[in-house]
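Notebook open, model loaded. I went through the two chains one at a time and wrote down what I looked up.

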Amino acid sequence: MILKNVRHRLRLFRQLWLLTWRYDVLVEKAVTVKYVETISFGRKCTLQSGVYVYGSRRGNPVRIGDFVAIGAGGMLLGEGGISIGDYTHFGPRVVVTTQYGDAESDMCQEEAVLKYAPVRMGRGCWIGAGAVIMPGTVLGERCIVAPNSVVFGSWGDAVSLAGSPARRRG
Amino acid sequence: MEDRAKRVMASVFGVDVARIGADASAQTVEQWDSLRHMNLVVALEEEFRVRFTDQQIDELLSLRLIVLTLKELGAKE
């Protein structure tokens, strides 16, 4: 059991090392990155402390643009593919998920049966602390999401969203 | 109104609008799962400029109920 965990830690360290070797990313403390081969970053991105970025075992790209900042404790679950435009900033604890459970499946299995849908976010979006961006969400450019909102669906440019489900505020 | 609702449903579920019949419901549309249900709710609210209550969101499980609820909310045809 100990050996299994030591190997896992080594694999995680290698993934993080590859990420910082390949890309211009400032990585703070306790950042976890998995499936780094499907993840790409633009210039001068920041992953604050405790960020968790999960690429895709299925080969869907997780593309993060230039000058993107992911706030502390943020989580990107990229199995279905994620695209984040340049200059987009996340507050702390933002979750972007591209997967959700298949409630029609037998839920008592070792591997949960999941469904996937990609998330796309345009340039210059600001995502407030604690917001959850659900699978299949599309945000245009310069969108604002209020803290703790839960965002579904497709939205155009310069939309301000708040609530659960998040609705247009302006 | 029904045709507009059908178009929204077809877009959200990723199917041809011809496949959304008058009796379309969560039981008959395979793609209608919990996530797409919420996508449908926000898409309908945007299209018809209405706001559903939490109870209405739970009950919008067929085209007939959607049209009925939209009429109750005073949505324009």
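I started with naming: helices are DSSP runs of H or I with at least four residues, strands are runs of E with at least two, and both are numbered from the N terminus. This is a predicted model, so I kept in mind that local features need pLDDT of at least 70 and side-chain atom pairs count only at pLDDT 80 or more, while totals for chains, interfaces and linings use all residues. Residues are numbered from 1 along each chain as its sequence is written, and chains are lettered from A and ligands numbered from 1 in the order in which they are written.

**Chain A, overall**

I found one helix and 21 strands in chain A. Its radius of gyration is 16 Å, close to the 15 Å from the globule rule for 170 residues, so chain A is as compact as a globular protein of that length. (That radius is taken over C-alpha atoms, and the rule is 2.2 Å times the number of residues to the power 0.38.) The C-alpha box, along the principal axes, is roughly 55 × 45 × 25 Å.

For burial I used C-beta atoms placed from the backbone: a residue is buried with 20 or more others within 10 Å of its own, exposed with 12 or fewer, and partly exposed in between. On that count, 38% of the 170 residues in chain A are buried.

Contacts came next; two residues are in contact if their C-beta atoms, placed from the backbone, lie within 7 Å. Of the chain A contacts with a separation of 6 or more, 21% involve residues 24 or more positions apart.

**Chain A, the sheet**

In what order do the six strands of the open sheet in chain A run? I read β2-β5-β8-β11-β16-β19, with parallel pairing. β2 (32-34) and β19 (150-151) of chain A are at the edges with a single partner strand each, so one side of each has no neighbour in the sheet. Strands count as paired if DSSP finds at least two bridges between them. β2(A) and β5(A) (residues 52-54) have three bridges, in the parallel sense. Within that pair, Thr32(A) sits opposite Tyr52(A) of β5(A).

As a reminder to myself, most residues other than glycine have a negative phi, and most peptide bonds are trans. Ala158(A) has a positive phi, near 55°. I located Ala158(A) in the loop between β19 and β20 of chain A. Is Ala158(A) exposed or partly exposed? It counts as partly exposed because it has 14 C-beta neighbours inside 10 Å.

Further along, the peptide bond between Ser164(A) and Pro165(A) is cis, with omega about -5°. Pro165(A) belongs to the loop between β20 (160-162) and β21 (167-168) of chain A.

In chain B, Arg49(B) has a positive phi near 55° too, and lies in the loop between α2 and α3 (54-59) of chain B. Arg49(B) is exposed, with 12 other C-beta atoms within 10 Å.

**Chain B, overall**

I counted four helices and zero strands in chain B. A compact globule of 77 residues would have a radius of gyration near 11 Å, and chain B agrees at 11 Å. Its C-alpha box is roughly 30 × 25 × 20 Å along the principal axes. Buried residues come to 31% of the 77. Among chain B contacts with a separation of 6 or more, 52% are between residues 24 or more positions apart.

What is buried in α1(B)? I listed Ala5(B), Lys6(B), Val8(B), Met9(B) and Val12(B). (The arc is that of the directions from the helix axis to the C-beta atoms.) Their cover includes α2 (34-48) and α4 (63-72) of chain B. Gly14(B) follows α1(B) with a positive phi, near 70°.

In α4(B), Leu63(B), Ile66(B) and Leu70(B) are buried. Their arc is only 60°, which puts them on the same side of α4(B). They pack against α1 and α2 of chain B. Exposed Lys71(B) and Glu72(B) are on the face turned away from that buried side.

**Where A meets B**

The contact takes nine residues from chain A and eight residues from chain B.
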